[in-house]
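Q: Hi! I am new to protein structures and would like to learn how to read one. Could you walk me through it?

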Amino acid sequence: MTRIERSVRIDAPAEDVWAAISDLDAVANWNPNVAEATCGTLSSGVGATRTCELAPRGHIEEVVSGWTEGTEIWFAIGAHGGIRSADMGLVIHRTSEGAVVDAIADYHLALGPVGPVIDKLTTRRLMSRMLERSLDGLKAHVEMTREESQ
C-alpha cells in the first residue's frame, strides 16, 4: 500500500468547507479532476455512492466508507487503471484563521511485481498532483463562495 497526504489552508470557517465536501453531487464544482458526478439514492453518510466522470476521461465508482459530520469523509474506490483499490479521505481541522484540509490517498496497485517500479516512476507523482489539484480547487471554491456571500 502507498499513502500520499497533502494539505491546504482555507481562509473560511470549517463549516463552509464541510458544506462543499459533503455535497457529494457537487464535487465537480470544486474538483478539476471531476467533470461530472452523480449519487445513488443515498447521497450522504456511510454507504452513499457516487460515480465520478473524470476529466479528461474515465470514471470511478466511490462508496462513502467513513463520515464524521463536520470533520471528515472517506471513500472506498474500486479498480481504476492500474490501481486495484484505493481509500481516499478529506479531513478538516479548525484553526483560528479558518480551516486546514488534509487529503489522504491510500492505494494498492494491480500490476504484480512491476507495481512498485511503476508506482515510484509515475503513480505517486500522478496521485500527488491529483490531490493537489483537488485541494487547490476546494480552496478557490470555498473562499470565492464565502466572498460572494459577504
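Predicted model: local features only at pLDDT ≥ 70, side-chain atom pairs only at ≥ 80, totals over all residues.

Q: How far apart are the closest N and O atoms of D106 and R3?
A: They are 2.6 Å apart. The two partners sit 103 residues apart in the chain, D106 in strand β7 and R3 in strand β1.

Q: Is D106 buried or exposed?
A: Buried means under 20% relative accessible area, so D106, at 9%, counts as buried.

Q: How many salt bridges does the structure hold?
A: There are 10. One of them joins R146 and D16, with the closest N and O atoms 3.3 Å apart. R146 belongs to helix α2 and D16 to helix α1, so this pair ties together parts 130 residues apart in sequence.

Q: Which residues of helix α1 are buried?
A: They are A14, V17, W18, A20, I21 and S22. The buried residues of α1 pack against several elements, including β1, β4 and α2.

Q: How do I read a pocket?
A: Rolling a probe the size of a water molecule over the atoms shows where empty space is left. Here the largest pocket holds about 970 Å³ of space.

Q: What lines the largest pocket?
A: Its lining has 38 residues, with N33, L54, H80, M127 and M130 nearest the centre. Helix α2 gives the largest share, 10 residues. Sorted by class, the lining has 23 nonpolar, 10 polar and 5 charged residues.

Terms used
Residues numbered from 1 in each chain as written. Heavy atoms only, no water. 1 Å grid on protein atoms, 1.4 Å probe; cavity = no way out; pocket = protein on both sides within 12 Å on 5 of 7 lines; lining within 4 Å. Points joined across faces, edges and corners; volume = space filled by probe spheres on them. Helix = DSSP H or I, 4+ residues; strand = E, 2+ residues; numbered from the N terminus. Nonpolar A, V, L, I, M, F, W, Y, C, P; charged D, E, K, R; others polar. Buried < 20%, exposed > 50% of the residue type's maximum accessible area, 1.4 Å probe, protein only. Contact = heavy atoms within 4.5 Å. Salt bridge = Lys/Arg side-chain N within 4 Å of Asp/Glu carboxyl O.
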